[in-house]
Amino acid sequence: MPVHQITDPDDDRIADYRALTDVELRTRWEPPHGLFIAEGELVLRRALRAGYPARSYLVDAKRVDQLADLDTGDAPVYAATQDVLQRATGFHVHRGVLASFHRRPLPTAAEVLAAARRVLILEDVNNHTNLGAIFRGAAALGIDAVLLSPSCADPLYRRSVRVSMGEVFAMPYAKLDPWPAGLDQVREAGFTVLAMTPAPDAVPIQRLTPAQRGRAALLLGAEGPGLTAAAQSASDVRVVIPMRRGVDSLNVAAAAAVAFWELGRDDQLA
């Protein structure tokens, strides 16, 4: 595995990795250039197993051996000191391993719905930590696919990928546009749209009928504001997780995990 030493943080060969903590800059750079960044060896390997082609690798010079078993193909391997890595990326790369990958074309919402029995729909979820945690919970707890409103954050942004531990690669996802009119497409595909809200008149999620659970599309909004009135109006049933001790709501990722488990509690375990 040929390794190219990088001594200048402004070296154009590692332009993919510049200013990784600048969300606005990365949002303008990554999707238009068809790339995303994976951080950490575990996440990197999961991206490869999921079939994402690598563009390049950038590693701490002391950790090059961690990639010795990889078939890196045409993707160059760059190595640098921690100082150079930090100056190039804008943060201390304590995991010591980064990789740039090519994105793949997203499927359409219709394609995602056709292959799913239970789906998650997100409206305006823009916190990358929450998004990554939601994807990880969805992969673990029986969700087959994710649909995103046009204003949702990028699931392949570095922090989302890292928080999900690479499970964003395991979950088919697509954009649902127009919004919220696209919810009609979900309903036409045979799903019941379940809007999660803390409203006092919402149906406790454990009291849903078997028909409502059968092909469920769980709809969640952003932390704080929750679902818009338009999205709730376009749903079939408003549901709530009953709370105790006066707590009015959960973090959106925690609420999602509880709802995923409840909807799948009768699934046959492999």
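**Loops, sheet and cores in a predicted model**

Pro178 sits in the loop that links strand 8 to helix 7 (183–188). Helices (H or I, at least four residues) and strands (E, at least two) are DSSP runs, numbered from the N terminus. The model is predicted, so local features need pLDDT of at least 70 and side-chain atom pairs count only at pLDDT 80 or more, while totals for chains, interfaces and linings use all residues. Residues are numbered from 1 along each chain as its sequence is written, and side-chain values use heavy atoms, with hydrogens and water left out.

A cis peptide bond joins Asp177 to Pro178, with omega about 5 degrees. The loop between strand 8 and helix 7 also holds Pro180. The bond from Trp179 to Pro180 is cis, and its omega is near 0 degrees.

Two residues other than glycine have a positive phi. Ala19, in the loop between strand 1 (3–5) and helix 1 (23–33), has a phi of about 50 degrees. Asp124, in the loop between strand 6 and helix 5, has a phi of about 60 degrees. Accessibility is classed as buried (under 20% relative accessible area), exposed (over 50%) or partly exposed (in between), using a 1.4 Å probe and protein chains only. Ala19 counts as partly exposed because its relative accessibility is 24%. Asp124 has 28% relative accessibility and therefore counts as partly exposed.

The parallel sheet comes next. Strands of a sheet pair through backbone hydrogen bonds, either parallel or antiparallel. Here two strands pair if DSSP finds at least two bridges between them. An open sheet of 7 strands has the order 8-7-6-11-9-12-10, with parallel pairing. Strand 8 (173–175) and strand 10 (203–204) are its edges, each pairing on one side only. Strand 10 runs parallel to strand 12 (residues 237–240) and is joined to strand 12 by 2 bridges. The bridge partner of Pro204 in strand 12 is Val240. Helix 10 (residues 252–264) packs on the sheet and touches strand 6 (119–122), strand 9 (192–196) and strand 11 (216–220). Contact means heavy atoms within 4.5 Å. The direction of helix 10 makes about 165 degrees with that of strand 11. Axes are lines fitted to C-alpha atoms, for helices over the stretch in contact, and angles run from 0 to 180 degrees between N-to-C directions.

Strand 6 pairs with two neighbours. Strand 6 and strand 11 run parallel and share 4 bridges, with Val119 opposite Ala217 of strand 11. Strand 6 also pairs in the parallel sense with strand 7 (residues 145–148), over 4 bridges. Leu122 faces Leu148 of strand 7. From strand 6 the chain passes through helix 5 (residues 128–140) to strand 7, a right-handed β-α-β crossover. Right-handed means that, with the strands pointing away from the viewer, the path from the first strand over the helix to the second runs clockwise. Val119 and Ile121 point one way from strand 6, Leu120 and Leu122 point the other way, and all are buried.

In soluble globular proteins, nonpolar side chains tend to be buried together. A nonpolar core is a set of buried Ala, Val, Leu, Ile, Met, Phe, Trp, Tyr and Cys residues joined through side-chain atoms within 4.5 Å. The largest core has 53 residues, of which Tyr57, Phe101, Leu120, Leu122, Ile134, Phe169 and Leu218 touch the most other members. Helix 10 gives the largest share of this core, 7 residues. Leu218 touches Val119, Leu120, Ile121, Leu194, Met196, Ala259, Phe260 and Leu263, with residues up to four places away in sequence not counted. Another core, of 21 residues, lies apart from the largest one and includes Leu113, Leu176, Ala231 and Ala234.

Strand 2 belongs to an antiparallel pairing. Strand 2 and strand 5 (residues 97–102) run antiparallel, joined by 5 bridges. Glu39 has Leu98 as its bridge partner in strand 5. Of the 5 residues in strand 2 (residues 35–39), 5 are buried. Leu35, Ile37 and Glu39 lie on one side of strand 2, with Phe36 and Ala38 on the other. In helix 2 (residues 41–49), Val43, Leu44, Arg45 and Ala47 are buried. Their cover includes strand 2, strand 3 (54–60), strand 5 and helix 6 (158–163). Gly51 follows helix 2 and has a positive phi near 95 degrees.
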